[in-house]
Amino acid sequence: MEQVPDSDRETGKERADRNFTELLQGARVAVTGVQVLFAFLLTVPFSQEFVKLREFDRWLFYVALVSAAIASICYIAPANQHRMLFRQGLKEKLVRRSNYYGIIGALALALSMTAATMLVVDFLFHSTLALVTAGGLALLVAWAWFAQPALNRLSRPDDVPTPEQEEGRRGEPGTAD
C-alpha cells in the first residue's frame, strides 16, 4: 500500500489557509522596506535642498512617492481584507486577490526604488550616471523579481500537477485521499 505524504492530505481550506499565511509572510518582508522608503520620501520636500531640484527631478520624486504609496496600499490590502472578510468563507478568493496585490505591489516598489535612486544620483552628479544606474537597477529587478520566476513557470514539467489539478483527482476512484 502506497504511503500518502501528509502534504497530499491537505484539504482545500487548509491549503488556502497555508497559502494566505505564506503570502502574508512574503508581504512582511517587502512592507518594511516600502514603509521606510515611503516615510523617507514624505520628508524629502521639507529639506532645504529640495528647492534646488530641477523639474525633471521633481517628476522623478513624484513617481517615486506615488509608486511607494501604491506599493504600501497593495502590501497592506490582504491583511485588511482578511479582517473585513473574516469567517465569510472567501479565503481562496482572498488568496488569489492577495497574490495579484503582491505582484502589483512589487511592480510599484520596483518603480519607486528605481525612481528614487535615479533622483538621488541625478541630484548628486547631474549626469547620465543616474540613467545608467536606474537602468541597471530596473534590469536587475526585472530579472530577479519577474523574468526568472516566469522562466521557472514556463520550464515546469507538464507532468507535475498543479494543486487545482491534484484537488480534482482526489475524488476520482483509485486515488489516495
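The following questions and answers concern how features of this predicted model are assigned.

The model is predicted, so local features need pLDDT of at least 70 and side-chain atom pairs count only at pLDDT 80 or more, while totals for chains, interfaces and linings use all residues. Residues are numbered from 1 along each chain as its sequence is written, and side-chain values use heavy atoms, with hydrogens and water left out.

Q: What makes up the secondary structure of the protein, and in what pattern along the sequence?
A: Helices (H or I, at least four residues) and strands (E, at least two) are DSSP runs, numbered from the N terminus. By that rule the protein has 5 helices and 0 strands, and its pattern along the sequence reads α-α-α-α-α.

Q: Why is His-82 called buried?
A: Buried means under 20% relative accessible area, exposed means over 50%, and partly exposed lies in between, with a 1.4 Å probe and protein chains only. His-82 has a relative accessible area of 17%, and therefore counts as buried. This residue lies in helix α2.

Q: Which residues does His-82 contact, leaving aside its neighbours within four places in sequence?
A: Contact means heavy atoms within 4.5 Å. On that basis, and with neighbours within four places in sequence left aside, His-82 is in contact with Phe-20, Lys-91 and Leu-94.

Q: What makes the pairing of the His-82 and Arg-83 side chains a polar contact?
A: A polar contact is a pair of N or O atoms within 3.5 Å; within protein, one must be able to donate a hydrogen and the other to accept it, and residues adjacent in sequence count only if both atoms are side-chain atoms. The contact between His-82 and Arg-83 joins their side chains at 3.1 Å.

Q: Why is Ser-112 called buried?
A: The relative accessibility of Ser-112 is 0%, so this residue counts as buried. Ser-112 is placed in helix α3. Beyond its neighbours within four places in sequence, Ser-112 is in contact with Leu-37, Leu-41, Ala-64, Ser-67 and Ala-68.

Q: Why is Thr-117 called partly exposed?
A: Thr-117 has a relative accessible area of 26% and is therefore partly exposed. Thr-117 is found in helix α3. Leaving aside neighbours within four places in sequence, Thr-117 is in contact with Thr-133 and Leu-137. The C-alpha atoms of Thr-117 and Thr-133, 16 residues apart along the chain, are separated by 7.8 Å.

Q: Why is Arg-58 called partly exposed?
A: The relative accessible area of Arg-58 is 36%, so Arg-58 is partly exposed. Arg-58 belongs to helix α2. Not counting residues up to four places away in sequence, Arg-58 touches Phe-50, Val-51 and Leu-53. Its C-alpha atom and that of Leu-119, 61 residues apart along the chain, are separated by 8.3 Å.

Q: Why is His-126 called exposed?
A: His-126 has a relative accessible area of 53%, and so is exposed. His-126 is placed in the loop between α3 and α4. Its phi is near 45°, a positive value in a residue other than glycine.

Q: What makes a set of residues a nonpolar core, and which members of the largest one touch the most other members?
A: A nonpolar core is a set of buried Ala, Val, Leu, Ile, Met, Phe, Trp, Tyr and Cys residues joined through side-chain atoms within 4.5 Å. The largest has 25 residues, of which Leu-41, Phe-61, Ala-71, Tyr-75 and Leu-109 touch the most other members. The elements giving two or more residues to this core are α1, α2, α3 and α4 (129-154), and α3 gives the most, with 8 residues. Leaving aside neighbours within four places in sequence, Leu-109 is in contact with Val-34, Leu-37, Ala-71, Tyr-75 and Trp-145.

Q: How many residues of the lining of the second largest pocket are nonpolar, polar and charged?
A: Ala, Val, Leu, Ile, Met, Phe, Trp, Tyr, Cys and Pro count as nonpolar, Asp, Glu, Lys and Arg as charged, and the others, Gly among them, as polar. The lining residues accordingly divide into 5 nonpolar, 4 polar and 6 charged. A pocket is, on a 1 Å grid over the protein atoms alone with a 1.4 Å probe, an open set of points with protein on both sides within 12 Å along at least five of seven lines, and lining residues have an atom within 4 Å of a point. The second largest pocket is lined by 15 residues, of which Arg-87, Gln-88, Gly-89, Leu-90 and Lys-91 lie nearest its centre. The largest share of this lining, 4 residues, comes from α3.
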